[in-house]
Amino acid sequence: MSRVAVVGAAGRMGERIRHWTEAHPDLELAAALEAPGHPQLGMEIAPGVVLESNPKAAFAGVDVAIDFTTPSATLASLAAAADAGVPYVTGTTGFSPAESAEIAQFARGIGVIHAPNFSLAVNVLGWLAREAARKLGAGFDAEIFEIHHSAKRDAPSGTALFLAEAVAQGQGEALSQRLVVSRAGEIGARPENAIGIQTLRGGDNPGEHSLYFVGAGERVELCHRSATRDHFAQGAVRAAAWLIGRSAGLYSIEEVYGLK
Ligand code: NAD
């Protein structure tokens, strides 16, 4: 059995990651990490596994870490994993471009998978988005709408940005100058090649994304709706099992699913 450390173990995703780690035939939960000061620190959250906050101690003797936390927590525990030579899977979203570059730097020493969405279906949706953008061409305006629960910290969602990037790739033009994430006031006509993202926050929604290609007199809609977090957690656990034993480098979830 390979030994797994879960970072953010008491969080919404962390709880499901622990469940699916225990359900995996080749993996066992060996360590569980939470933020310093977390009220459950010191509790035995699984047989023989006490919730702790020191990544250096927790990573001794584990084979892989899975992390769903916040950008600053991810970078700190990724540094500890790199020191300990522990491969690292993270689904945390909301990184700045400079922070994403830091993740790539750590991947020079250990295997890392960083994905904004671990669901197989969402990654297939990314492929569909790229192909649809390529085939529909310039006559269709691409717009994305995302809904998440009210506690989500970052906007737009990492998955919405992933879909926008897929559209840009399909159209053969870089995303950076074309992304429109807020509209209010006298905004003028829509720039021809804009890719828009609209965000809604509320309730307990685990995540919903709609991609619209809006043409003259017709519209294509591609949509993914999550009813639970289990498909994200199962994907991350599958990615962790896949990563163990691989050489250092930054791998994608598309490689894990054989979509690349
Ligand atoms: P959450 O707030 O429920 O859980 C995050 C947990 O991390 C909390 O329990 C928090 O105490 C803990 N934490 C904070 N700092 C820490 C530290 N220094 N060390 C250890 N633990 C620490 O949030 P969530 O809904 O589970 O989402 C977490 C992240 O995962 C977000 O960025 C979210 O966008 C992302 N997410 C990604 C996917 C995906 O498939 N990639 C799916 C769902 C959510």
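Predicted model: local features only at pLDDT ≥ 70, side-chain atom pairs only at ≥ 80, totals over all residues.
**View 1. Edge-to-face pair of Phe59 and Tyr88.** The structure holds 3 aromatic pairs (ring centres of Phe, Tyr or the six-membered ring of Trp within 6.5 Å; planes under 30 degrees apart are stacked, over 60 edge-to-face, the rest tilted). Phe59 and Tyr88 lie 6.5 Å apart centre to centre, with 85° between the planes. The pair links distant parts of the chain, 29 residues apart: Phe59 is in the loop between α2 (55-58) and β5 (64-67), and Tyr88 is in strand β6 (residues 88-90). Phe59 counts as buried because its relative accessibility is 1%, and Tyr88 is buried at 0% (buried, under 20% relative accessible area; exposed, over 50%; partly exposed, in between; 1.4 Å probe, protein chains only).

**View 2. Tilted pair of Phe68 and Phe118.** The ring centres are 5.9 Å apart and the planes form an angle of 55°. Phe68, in the loop between β5 and α3 (71-84), is 50 residues apart from Phe118, in the loop between β7 (111-114) and α5 (120-136). Both residues are buried.

View 3. Trp127 belongs to helix α5 and is partly exposed, at 43% relative accessible area. Helices (H or I, at least four residues) and strands (E, at least two) are DSSP runs numbered from the N terminus.

Residues are numbered from 1 along each chain as its sequence is written, and side-chain values use heavy atoms, without hydrogens and water. Local features need pLDDT of at least 70 and side-chain atom pairs 80 or more, whereas totals for chains, interfaces and linings use all residues.
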